[in-house]
Amino acid sequence: MAEQTLVGAITSTLDQALAADPDIILLGEDIGLNGGVFRATDGLQAKHGKDRVVDTPLDESGIMGTAIGLAIAGMKSIPEIQFEGFLGPAYDQLVNHGGRMRTRTRSAVTVPMTVRVPVGGGIHAPELHSDSPEAIYTHSPGIKVLMPCTPYDAKGLLNSAIKDPDPVIFFEPKRVYRTFKEEVPDEYYEIPIGKAKTVVEGDDLTIVTWGAPVFQCLEAIDNCPEDVSVELIDLRSIYPFDMDTIAESVQRTGRCVIVHEAPLTCGMGAEIAARIMEECFLHLEAPVQRVTGFDTIMPYYKLENEYLPEAPRILKGITECLAY
Amino acid sequence: MPHHTVYEAKIEHLQILDEDGKLDKKLAKDTLSDDQVVYLYEQMRVCRELDEIAFKLQRSGRMGTYPQNKGQEANAVGSALAMVKGNDWVVPSYRENAALFMHGMPMHYVIQYWMGDERGSKFPEGVNITPLSVPIGTHMLHATGIAWAMKQRKQTDNAVITYFGDGATSEGDFHNAMNFASVMQVPTIFYCQNNSWAISLPREQQMNSQTVAQKALAYDMPTIQVDGNDIFAVYKATADARKRAIEGGGPSFIEGVTYRLADHTTADDARRYRDQAELDAWLDKDPLIRTRKYMESVGIWDDAKQEDLENRAKTIVKEVVDAAISVSTPEASEFFDDMYADLPEDLQRQRDTMRTSSIGRNPEQIGLKAQTAEVQG
């Protein structure tokens, strides 16, 4: 067992997967010789060959569409889309073909594919390199959506995604690719899709979040007064999502703050808030609070921290929710 | 040489059986046997019968929108015969029914599908077909991906054919699929049924290219234009392309020049945008007419055989329609069941509460409990 970063855990998980299953193929822009723009596939082409870690033409729709074709033929394709902002050209293939193929053929034709996509802001990147589109794909039936934020979870969920017989989008929060290390077992393990993780236990208020903001939430919790006991839930799996864990917690605490980078309106927070209304109505002590990005274009990096839900804004949300 | 030509190309056109049913014997060498010609003619005739009946089913309100194949059948049967059933893959659009039947799709599936039942795309095991593709020009990428898997698995006797229209070649995914196939050198055959019309837009407004076939030149792909109403030319071009594909020669492009003798679909009325004179001229080039003329001219067909075929076609199609109609209506909850291999719990609850006034996940919650009890009672 060694300490690994999030990106390191992804590389080693892909390495093990390639070694274990000859039907696995990685495809994407600059993922081979260059090891990917974030080095998530560093060294994998040299080890597993050019035909298994494939540098493709610069064409997201082509990557997604051929990855679907490979999967239809029984391979397990793992396309990488370089940044979430470039999912646009691949959207049609992913949503209108990848997500629909099983239902359209009543399971005669299926698409076992794991789409890896770096996601989110906070790294001073160019335009269209910092968005959080998870709700778009959560609203697209037939696809599963994951966003782990720790090295341990990344390995377990990536293994589950690869094993899953349906299309999975595996969002990798690039802001925490290298900022946090933890011990990751060498051996294969899975973390079930659809299960949240309670990162911090508490009694007074529940925070629900996922991706890089987990770390901003931890910072906000650290800055809470000592007598305030906050529970922090990392959703990890956006679709399907673990409403049982959220409901159990909110029924106990009576207060909930939802934190995400994506825009407010129709963000995943809206769905969770609605479910809390359905499941926890009589337990609520305060309206559900949301601390999120805005319904604006994600600003270029001089202002990105004004957009992102940083710790002070989260702390404010906690304080207001508790004071209600 | 500061200024010189670095690339030159030409597009060839192949016709073996002309509009009058006259065969070029030299070009026809090693193409179709008499038995195969008869077989393909029968396939076309049955398919035409199905097309006419499907049209009537729609007009009488028993089927939804349906796209007729009328006039384009030679493209489907000639190419499908050159591919190997159960071995190769067929990635269709929606105007090559005969190719799907020849590759193992039960005929009533296509009627069941257009009657609004997705189980018409639940192909039996071993039938290597992807479902009919309604959005235009997006499915060729899957053909490239499937062929890529064949190359990856070193399956040296397999290839993929994908069909699309002239309109589809304006779509980005057409070019994406062509480029990927070319770069990866995978065994894909791109078959364009150039039927001159994309709903109401004529080919000349669809592209400023003289031929569709020349689009493949940009991808350094062997390419040819054939008379798409000539089963000999279609078969030969496809057989050549398949041979090249399995020998490691990569993808090929075929433009079958044909014509949509019917409306775009039953929801369309081509009289709004198409001259009757143009249609009339193409009626004379109908692949069924010229194939029959040829067969009669060489003594392998006569009126008695024709009458027998027409009776058989009627019987077959009646059975097909009966089979499609007799399929039981799917359960209302059926559209949930194949969303994922394992239905997420949340989706199970949505399915199980679909008859309540809310699809809330927990029937125990306030208000829902009584409703659920009422519905179940």
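This tour moves through the two chains in stages, naming what to select and what is found there.

The model is predicted: local features need pLDDT of at least 70, side-chain atom pairs count only at pLDDT 80 or more, and totals for chains, interfaces and linings use all residues. Residues are numbered from 1 along each chain as its sequence is written, and chains are lettered from A in the order in which they are written.

**Stop 1: the domains of chain A**

Select residues 2-184 of chain A as domain 1 and 197-323 as domain 2; such bounds come from an automatic or database domain assignment. The C-alpha centres of domain 1 and domain 2 of chain A are separated by 26 Å. Across the boundary, 26 residues of domain 1 of chain A are in contact with 25 of domain 2 of chain A, where contact means C-beta atoms, placed from the backbone, within 7 Å. On the domain 1 side, the elements giving two or more residues are H6, strand E6 (144-146), helix H7 (151-163) and strand E7 (168-173) of chain A. Helices (H or I, at least four residues) and strands (E, at least two) are DSSP runs, numbered from the N terminus.

**Stop 2**

A residue is buried with 20 or more other C-beta atoms within 10 Å of its own, exposed with 12 or fewer, and partly exposed in between, with C-beta atoms placed from the backbone.

**Stop 3: two backbone details in chain A**

Select A:Tyr239 and A:Pro240, which are joined by a cis peptide bond with omega about -5°. A:Pro240 lies in the loop between E12 and H9 of chain A. Then move to A:Asp30, whose phi is positive, near 65°. A:Asp30 sits in the loop between strand E2 (24-28) and helix H2 (44-48) of chain A. Most residues other than glycine have a negative phi, and most peptide bonds are trans.

**Stop 4: where the chains meet**

Display both chains: 38 residues of chain A are in contact with 37 residues of chain B. H3(A) gives the most to the chain A side, with nine residues.

**Stop 5: helix H7 of chain B**

Select residues 172-184 of chain B, helix H7(B). Among its buried residues are B:Phe174, B:Met178 and B:Phe180. The cover over the buried residues of H7(B) includes helix H3 (60-72) of chain A and helix H6 (140-152) of chain B. After H7(B) comes B:Gln185, with a positive phi near 50°.

**Stop 6**

Finally, select B:Asp220, which has a positive phi of about 55° although it is not a glycine. B:Asp220 is partly exposed, with 13 other C-beta atoms within 10 Å.

How values were computed. The expected span of a helix is 1.5 Å times one less than its number of residues. Two residues are in contact if their C-beta atoms, placed from the backbone, lie within 7 Å.
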